[in-house]
Amino acid sequence: MKNKKNALLVLITFVSMFVISMTFTNFLGSTVEAISFSVSTQQTNVSFSGDKKIANFRNGESVVITLSNPSSFNDFQWVVLDQYGNQKGSSGEGKFERVYIVSTLNDYNPTTGDRATINFSIKVTDSTGGLLTKPNEQKILEYDGNSSSFNLTDKLTLKMVNFNEDAFEWYLEYPDPSFPQYEYWNKKTPTVSANFDTDFLAEAYKLGFDDYNIIIKDVRKYPLVDISFNKIEANLNKGESETLQILYNPVNTTDDKTINWSSEDPAIAKVDSLGNVTAVEKGTTNIIAMVQDKLIKTKITVNIPLATIDLEEPIKTMNLNEKAVFKVNYDPLNTTEDKTIIWSSSNSSVVKIDSTGTVTALKGGVTNISATVGTKTVSHELKVLSPLLSIQFDKKNVVLQKNSSEQLKIVFNPLDTTDSKMITWTSSNPAVATVDSTGKIAGFQSGNAIIMAKTGDKKIEAFITVSNTSISYSTHVQSIGWLDPVADGTSSGTVGKGKRMEAIKIDIKGNADLGIQYSTHVQSYGWMNWVSDGTLSGTSGEAKRLEAIKLKLTGTDADNYDIYYRVHAEKNGWLGWAKNGEEAGTEGFGRRLEAIEIVIVEKGATAPESTTDAFVKKEITPTVSYTTHVQSIGWQVWVKDGTMAGTFGKAKRLEGIKIKLENLPYAGGVQYKTHVQSYGWQGWSTNGALSGTSGKAKRLEAIQIELTGEMAEKYDVYYRVHAQSYGWLGWAKNGESSGTEGKAKRLEGVEIKLVKKSEQAPVSTVKSFIK
């Protein structure tokens, strides 16, 4: 839609003043009407009949255009063209004031001073497109239920499609309700004939519009059936508002739609006359809407959102193994949000926290305790204090060669202590050995010094020997071969790689009066012969593991030194320090040696560290096995360790016996002899040989049994017999006689067992032999 009230501004500059007569011509140049103008500054009037016109005039004239039919200027435009067709100005009022036009050089005669005559044209344009004089043909618009529009140039007749014309009214609607002339705005009398003629269009045309809407009004009655809310329920936070809407059934009801609003509990949620609901306080209520006799309700729940959370008086420090409970404060306290707390610790190795907020301090350190409630999280730094209990050196005795150095390390207990770890180092004899601020010691001359380390109230000492005497050693390691020699307590071998030591070479340097001997315990071979001064001990190329080792000093200077050594054994790790020929390692477990450390110290100096469990030997329990030859039965199966051999209650004599030891932890054996019917005491039999008779029907009447070798030093052998007429006699031991002599009583059963020295003997040793 366009308002055609355009202002017309024409700028004409006059070069000189002339009295001119001009005529209107049409756009093609034909004369339509003659018009006379007055000269000079007097105004000249031009009338216009409604067709498109062009009027010529000269510069220096003032021209006024008069619109004769119709009288409105709103539907026409004027522009001024020079003789070349170039536009020079425009005026919506159709009035051209005299102005000056500066001509070009071609228009000026310098001899006479005259200026050339310049002609101008007024071009008049009808913006209506000739509607007033030439309206379009009538159109028929079929209405199918939608609003329609048409152009100013149309004459229109409406025709209903599938509708009853009596149920509708329709109007012409101007497109711009803000237009100041309202006499035609939505006031056209409705008509059922729906004929809109040229007269009405002409009136509308004068108002400056060229497009219109057809408004069709349904005048039927549609009773209200029911109403509903646009939502069944609503959740609001305290202070929030929401507008409820009513849905009508049918949507186009013609009944009164006035709504009466109310709240069942305005203290929870209130509602105004427009359906705006405001949440007041936590709770649930119903908003009621009533239209005529129709009443509906919708549920409103008012929530209190959680604004912030913080921790209630959180502690900043805890002691090791201490427990504490963290709690959360809610703002506001009456929030309706879920208050479930998710607890976490940024360093679960320092503290752990459970779902109740209970914190347990596990080790020294710093962590952040966090509580999360919904989208809110609060964190707090917590420090677990771990007081320093003690400190110790990684080695207590250090042997240094002159002009050499070694690093001492401090082991803190506990390792996670939160106390200061600043160490103050001092040497008791800087002329012999010094120590720097990092614990690095340096040897300068032969002698002894004590290196002290102190932190807080904790102080430790290490004994330092600076000597020309040094011990050098190299080990042969599985799949690696011979390692480079190391000296004076440095580890040789590997740790954590699961590789066996297979051989070793050891040598003394710097002291011609001191030598060394060493022996190794090798897989499947046992203890090897002693070797000395750099000779290989162990095996090479046989893939045999070293299981233990022993070392001792030799030479005229041996009484002035002690040699300490320790090994890293499979599964055992580093064992204690052995010295001067003691065994170091394991025996009976089949475990490999993996590394070794060796130091020489002055006689009587303390061991580098603990000497406990330098050698671990598997406890082997020996067994005694035996079998008897029984009358009419023959040889029975072997039994052992106190089980009866023979018979009981069958009156059958024992005629022979064999005894042996098995699974020996020590060297030695067993020997035994029997007293035989008609033969008396026989000579000694050993280790499974027959004592007694076989095939001669001679009864055994008594027996003696004893251990031999190292077994006799570690164990006792106990035995008892079941004798004819006497039953079980008392226990005899270690070569004592058991049975009868001179009574002609047969032995019927025997029991034998080994008992470790100092352990409790069998129940009764009374009356073990009757003579």
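## Lys297 and its partner

At 48% relative accessibility, Lys297 counts as partly exposed, a class that lies between buried (under 20% relative accessible area) and exposed (over 50%), with a 1.4 Å probe and protein chains only. The side chain of Lys297 meets that of Glu264 in a salt bridge, 2.8 Å from N to O, where a salt bridge is a side-chain nitrogen of Lys or Arg within 4 Å of a carboxyl oxygen of Asp or Glu. This pair links distant parts of the chain, 33 residues apart, with Glu264 in the loop between strand E20 (259-263) and strand E21 (269-271), and Lys297 in strand E24 (residues 294-303). Glu264 is also partly exposed, at a relative accessible area of 40%.

The model is predicted, and local features need pLDDT of at least 70, side-chain atom pairs count only at pLDDT 80 or more, and totals for chains, interfaces and linings use all residues. Residues are numbered from 1 along each chain as its sequence is written, and side-chain values use heavy atoms, with hydrogens and water left out.

## The chain as a whole

The chain has 2 helices and 74 strands, which are DSSP runs numbered from the N terminus (helices H or I, at least four residues; strands E, at least two). Of its 771 residues, 43% are buried. Among contacts with a separation of 6 or more, 60% join residues 24 or more positions apart, a contact being heavy atoms within 4.5 Å. The chain exposes about 39000 Å², of which carbon and sulfur atoms supply 47%; accessible areas come from the Shrake-Rupley method with a 1.4 Å probe, and for residues only the protein chains shown count as cover.

## Further salt bridges

Side chains of opposite charge can pair when their charged atoms come close. A search of the whole structure finds 20 salt bridges, including one between Arg592 and Glu570, whose closest N and O atoms are 3.2 Å apart. Here too the pair links distant parts of the chain, 22 residues apart: Arg592 lies in the loop between strand E56 (584-587) and strand E57 (593-602), and Glu570 in the loop between strand E53 (561-569) and strand E54 (573-574). Glu570 counts as buried, at 17% relative accessibility, and a network of salt bridges links Glu570, Arg592 and Glu594.

Another salt bridge joins Glu748 to Arg746, with 2.9 Å between the closest N and O atoms, and both of these residues are buried.

## Two buried sites

Glu406, in strand E36 (residues 405-407), counts as buried because its relative accessibility is 16%. Leaving aside residues up to four places away in sequence, Glu406 touches Lys395, Val398, Val399, Leu400, Gly439, Lys440, Ile441 and Asp488. Glu406 and Ile441 are 35 residues apart in sequence, yet their C-alpha atoms are 5.4 Å apart in space.

Ser768 lies in the loop between strand E73 (747-756) and strand E74 (769-770), and is buried with a relative accessible area of 11%. With residues up to four places away in sequence not counted, its contacts include Leu729, Gly730, Trp731 and Ala732, as well as Ser737, Ser738 and Gly739.
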